[in-house]
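Hi everyone, thanks for coming. I'd like to walk you through one model today, so please have a look at the screen.

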Amino acid sequence: MARFINLVATRSLDGDHDHLHRWYNDHVHLLMGCDALQAATLYRRTSPSPAPDYLCLYEFASAADFQVFETSAARARAQRVVREGWARTGIEIVQRTQYLRLGRRDDPAGQGDHWA
């Protein structure tokens with residue numbers, strides 16, 4: 001089954017990664033108030049690089065569900081916190097791009113999800 005992904009890449013501006021993690025947990029809790037958002041997964045870069053520090057994958061069942069999310073009260077509340085709180089000066093959003101997931105394989109034995 002195809003999924004719709006919103007990929008958000010961010011950089012920590014002050015280097016306080018513990019604070020960023022605490023903030024992100026609160027932020028994603030607000031976002032998850034929208035039923036259209038099915039999952040959110042945060043990844044941190046593991047080695048020195050000019051690449052963004054974090055990637056977050058937000059998963060939706062469809063592009064239509066993403067549009068519901070974009071105009072939801074949950075996203076509006078979360079954005080208000082971004083504009084008025086720590087994130088205003090603590091993070092930089094480097095990229096926000098949407099993708100349609102075309103395939104996935106979960107386990108090397110081939111017993112998990114797989115489609116093309």
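**A walk through the fold**

Let's start at Leu-100, which sits in strand 4 (residues 91–101). A word on terms: helices (H or I, at least four residues) and strands (E, at least two) are DSSP runs, numbered from the N terminus. What we have here is a predicted model, where local features need pLDDT of at least 70 and side-chain atom pairs count only at pLDDT 80 or more, while totals for chains, interfaces and linings use all residues. Residues are numbered from 1 along each chain as its sequence is written, and side-chain values use heavy atoms, with hydrogens and water left out.

Back to Leu-100. Is this residue buried or exposed? Leu-100 is exposed, because its relative accessible area is 51%, and the cut-offs are under 20% for buried, over 50% for exposed, and partly exposed in between (1.4 Å probe, protein chains only). Leu-100 and Phe-4 are 96 residues apart in sequence, yet their C-alpha atoms lie 4.6 Å apart in space.

Now the overall picture. The protein chain has 4 helices and 6 strands, and from the N terminus on the order is β-α-β-β-α-α-α-β-β-β. There are 116 residues in the protein chain, and 31% of them count as buried. The accessible surface of the protein chain is about 7100 Å², with 53% of that belonging to carbon and sulfur atoms; the areas come from the Shrake-Rupley method with a 1.4 Å probe, and for residues only the protein chains shown count as cover. If we take contacts in the protein chain with a separation of 6 or more, 69% are between residues 24 or more positions apart. Contact here means heavy atoms within 4.5 Å.

On to the core. In soluble globular proteins, nonpolar side chains tend to be buried together. By nonpolar core I mean a set of buried Ala, Val, Leu, Ile, Met, Phe, Trp, Tyr and Cys residues joined through side-chain atoms within 4.5 Å. The largest one has 22 residues, and Trp-23, Tyr-58, Phe-60 and Phe-69 have the most contacts inside it. At least two residues of this core come from each of strand 1 (3–12), helix 1 (17–31), strand 3 (54–60), helix 2 (63–70) and helix 3 (73–84). Helix 1 gives the largest share, 5 residues.

Take Phe-60 from that list. Not counting residues up to four places away in sequence, Phe-60 touches Arg-3, Phe-4, Asn-6, Ala-36, Leu-37, Gln-38, Asp-65, Phe-66 and Phe-69. Glu-59 lies in strand 3, and this glutamate counts as buried because its relative accessibility is 15%. Leaving aside neighbours within four places in sequence, the contacts of Glu-59 include Arg-3, Leu-37 and Arg-101.

Let's turn to helix 1. With 15 residues, helix 1 reaches 20 Å from its first C-alpha to its last, close to the 21 Å expected at 1.5 Å a residue; the expected span is 1.5 Å times one less than the number of residues. His-17, Leu-20, Trp-23, Tyr-24, His-27, Val-28 and Leu-31 are buried in helix 1. Seen down the axis of helix 1, those buried residues fall within an arc of 130°, so they line one face; the arc is that of the directions from the helix axis to the C-beta atoms. Asp-18, Arg-22, Asp-26 and His-29 are exposed on the other side of helix 1.

Helix 3 is next. Its buried residues are Ala-74, Arg-75, Ala-78 and Val-82. They also line one face of the helix, because they fall within an arc of 95° seen down the axis of helix 3. Turned away from that buried side are the exposed residues Arg-83 and Glu-84. What do the buried residues of helix 3 pack against? Their partners are helix 1, helix 2, helix 4 (87–90) and strand 4.

Val-82 shows one such link: leaving aside neighbours within four places in sequence, Val-82 is in contact with Trp-23, His-27, Ala-87 and Arg-88. Val-82 and His-27 are 55 residues apart in sequence and 8.2 Å apart in space, C-alpha to C-alpha.

Last, the cysteines. Cys-34 is buried, with a relative accessible area of 6%, and Cys-56 is buried too, at 3%. Counting a disulfide as a pair of cysteine sulfur atoms within 2.5 Å, the total is 0 disulfides.
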